[in-house]
Amino acid sequence: MGNTYSNTLQTGATTSRGRKYHTKCICFGCGFSDQMCAPAFASDIRCCCFEGAMKVDPSQCQTSEHLCAARMGCKFLPVVADVTNPLVDKDELIVVCEKKVV
């Protein structure tokens, strides 16, 4: 039968299948990646209706301009919130009820 759920969140950095020295015992697998620090740390989880992912990838920060590319977002029921960098996202600084003020 196989798995019928989607792997949209899984980055590939956290899967052991296809890695060097891949070893698996029942549900636990491990292996070695060819890339040492791309990403340096990665994690993802999926369980029923809950899923999440995070990674630390120094290769994404090669110039000083890359330090400004930052955002965070969350959603709870119908409410969506995000935080962006005003130095990068200059076109909309103040918006009230979908009308741009500044």
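**Ground rules.** I number residues from 1 along each chain as its sequence is written, and side-chain values use heavy atoms, with hydrogens and water left out. As the model is predicted, local features need pLDDT of at least 70 and side-chain atom pairs count only at pLDDT 80 or more, while totals for chains, interfaces and linings use all residues.

**Entry: salt bridge.** I searched the whole structure for salt bridges (a side-chain nitrogen of Lys or Arg within 4 Å of a carboxyl oxygen of Asp or Glu) and found one. It joins the side chains of Arg46 and Glu51, at 2.7 Å from N to O. I then looked up accessibility, where buried means under 20% relative accessible area, exposed over 50%, and partly exposed in between (1.4 Å probe, protein chains only). Glu51 is partly exposed at 35%, and Arg46 is partly exposed at 38%.

**Entry: Arg71.** I looked up strands, which are DSSP runs (E, at least two residues) numbered from the N terminus. Arg71 lies in strand E5, residues 71–76. Its relative accessible area is 58%, so I list Arg71 as exposed. For contacts (heavy atoms within 4.5 Å), I left aside neighbours within four places in sequence, and Arg71 touches Asp82, Val83 and Thr84.

**Entry: Val83.** Val83 belongs to strand E6, residues 79–84. With neighbours within four places again left aside, Val83 is in contact with Ala70, Arg71 and Met72. Val83 and Ala70 are 13 residues apart along the chain, and their C-alpha atoms are 8.5 Å apart.

Technical notes
Helices (H or I, at least four residues) and strands (E, at least two) are DSSP runs, numbered from the N terminus.
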